[in-house]
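Hi everyone, thanks for coming. Let me put the sequence and the structure up on the screen, and then we can walk through it together.

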Amino acid sequence: MDVGLPFILLKYTAAITVIIPLSFCLRFFKTLNFVLRVLFLYLVLSMITDAEAYVMGLNNRHNYFLRNWFTMAELGLLTLIYYKIISGPGRALLIGGAVVVGLLALFRFVYLGGWHQADNVINTSESWFMILTSGLYFLSVLRGADEYNPAGAWFLWLNAAFLMYFSMAFFLFLFTGYLERCGLQRYYYLYSLHFISNIAFNILLSIGIWKQRRS
Amino acid sequence: METEAQLSIFIMAGVLAMTTLALLLMAFFATYKKKMVQKELAQKEREQQRQIENFNAINQAEEQQKARIAANLHDEVIPVLSLAFRNLHQHLSRLESSGIELGGLKKELQSFEALSEHIRAVAHDLVPRQFITFGLLKSLESLLHKFNQSGPAFAEFTNETTFAGQIPLNHYSQLQVYRMCLEILNNLHKHARYEYLKLSLREMNSNMVLVFAHNGNGINNTEFENLLQAGGGIGLKSLKSRAQMLKARLDFATDKTVSYITISIPLHA
């Protein structure tokens, strides 16, 4: 069965859905809090990286350098977001985790000169870090807040988005090398999961941004 | 090839497993937190109910105490004072007719008479006689009539219900409503500087609604809460406590020229 067309449709749908949270951010920019402004920056960088990858792909070239830089930026920005949200002892865990992944990344990219190479170690480590951070946030809410209104707790949607995305992406990042050498059909099947996670990620982010606007 | 196929299946299974775990975690979180919040809300409600019951018990004991004191004053102190006053008056009259100058003593007699009247007023304040004798509606009318006599401002009462004296609230609840109205009217008389006040009694959606509409200085709900927080007198606190006890709603609103105070009491509460 030819999965090329559905794969391409999913790919473009995932690319288009990123417009929704971006447009919400632009529309409500003046009322966005600090966390969402950082998220907006993250989304812009993500879009630039994906666009560059697309252009490079048309010329049969890879953009590992930009992708690896984006990984570092993603780590920094998401850590900043959670730093603003999580309070108490959880912050120390957050910073500790970010430092560990950051040092690992520096070792991989700087010491081993891996800027221009495909990477799955740092991506996988980052995925684990984000999964644990999302869990940490849920735990801090369970322990902390006296009042909880799912409809009004906008960051819960963002947290769900990060948890969903990085959970789905974890295995894909772990086997990046295999994905690059496996047959096209298999690649389509497996990478379409990543597009589905992108679509879910963008929708959940959009809901969170919308809820914050109203809170 | 087989290994590659197995690896692909493994990756797909891994992704689905991680996604399922993530969804389960979110579902667990949502359910657990909701249960915790419901538990906390139920506890707050129980605490509030306990406070209302406590206030109710204290209030009932207070009313009984007031009734006893009023009865003692009325049955024992006032008659004795009245008799003593009459006797003194007679003695003083005899002395005056004998030609003895009684200037200072007459003044003391007047003070004595005033004391007797004050004690009578205290007894009436403790237990509102009008309310006991004529019921809530008549006593509210009578109250407004008294306020009208104390100044140029005019107040009137209108009954827009079909109750006609048979208000579907028990005697104790009606007494609380009377005391709330008394507190509100006293405050309006002191602070609002109205020229016209209309107190309406209505029945809306199984609630008995009392509306105080006046053209004086009014406050809104936020200002009322601020006054309460600032330790704004026993009267306001007792107003809020009585409202809670009756499960009634107090609303304060102001317009450009008219201010409203609304008490909505659920019937059969």
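Let's start with the largest nonpolar core, which has 63 residues. By nonpolar core I mean a set of buried Ala, Val, Leu, Ile, Met, Phe, Trp, Tyr and Cys residues joined through side-chain atoms within 4.5 Å. Buried is under 20% relative accessible area, exposed is over 50%, and partly exposed is in between, with a 1.4 Å probe and protein chains only. The members touching the most other members are Leu39(A), Ile81(A), Tyr82(A), Phe155(A), Leu158(A), Phe162(A) and Leu205(A). Helix α7 of chain A, residues 154-174, gives the largest share, 17 residues. Helices here are DSSP runs of H or I with at least four residues, strands are runs of E with at least two, and both are numbered from the N terminus.

Now, a word on where this comes from: it is a predicted model, where local features need pLDDT of at least 70 and side-chain atom pairs count only at pLDDT 80 or more, while totals for chains, interfaces and linings use all residues. Residues are numbered from 1 along each chain as its sequence is written, chains are lettered from A and ligands numbered from 1 in the order in which they are written, and side-chain values use heavy atoms, with hydrogens and water left out.

Back to Leu158(A). Beyond its neighbours within four places in sequence, Leu158(A) is in contact (heavy atoms within 4.5 Å) with Leu36(A), Leu39(A), Leu205(A), Gly208(A) and Ile209(A). There is also a second, separate core of 42 residues, including Leu143(B) and Phe212(B).

Chain A itself has nine helices and zero strands. Of its 215 residues, 48% count as buried. One of the buried ones is Ser206(A), at 6% relative accessible area. Ser206(A) sits in helix α9, residues 184-214, and, neighbours within four places aside, is in contact with Ile20(A), Pro21(A) and Phe24(A).

So where do the two chains meet? Chain B brings 26 residues to the contact and chain A brings 24. Together they bury about 2400 Å², 79% of it on carbon and sulfur atoms; that is the accessible area, with a 1.4 Å probe, that two parts lose on being put together, summed over both. Ile11(B), Met18(B) and Phe29(B) supply 26% of the area that chain B buries against chain A, more than any other three residues.

Over all chains, though, the structure holds seven salt bridges. Take Glu63(B) and Arg179(B), which pair at 2.8 Å, N to O. Glu63(B) is in helix α1 of chain B and Arg179(B) is in helix α5 (residues 171-192), 116 residues apart. Glu63(B) is buried at 10% relative accessible area, and Arg179(B) is buried at 9%.

Compare Glu47(B) and Arg50(B), whose closest N and O atoms are 2.8 Å apart. These two are separated by about one helical turn because they are three residues apart in helix α1, residues 2-97 of chain B. Glu47(B) is partly exposed at 34%, and Arg50(B) is partly exposed at 44%.

That's my tour, and I'm happy to take questions.

Key:
A salt bridge is a side-chain nitrogen of Lys or Arg within 4 Å of a carboxyl oxygen of Asp or Glu.
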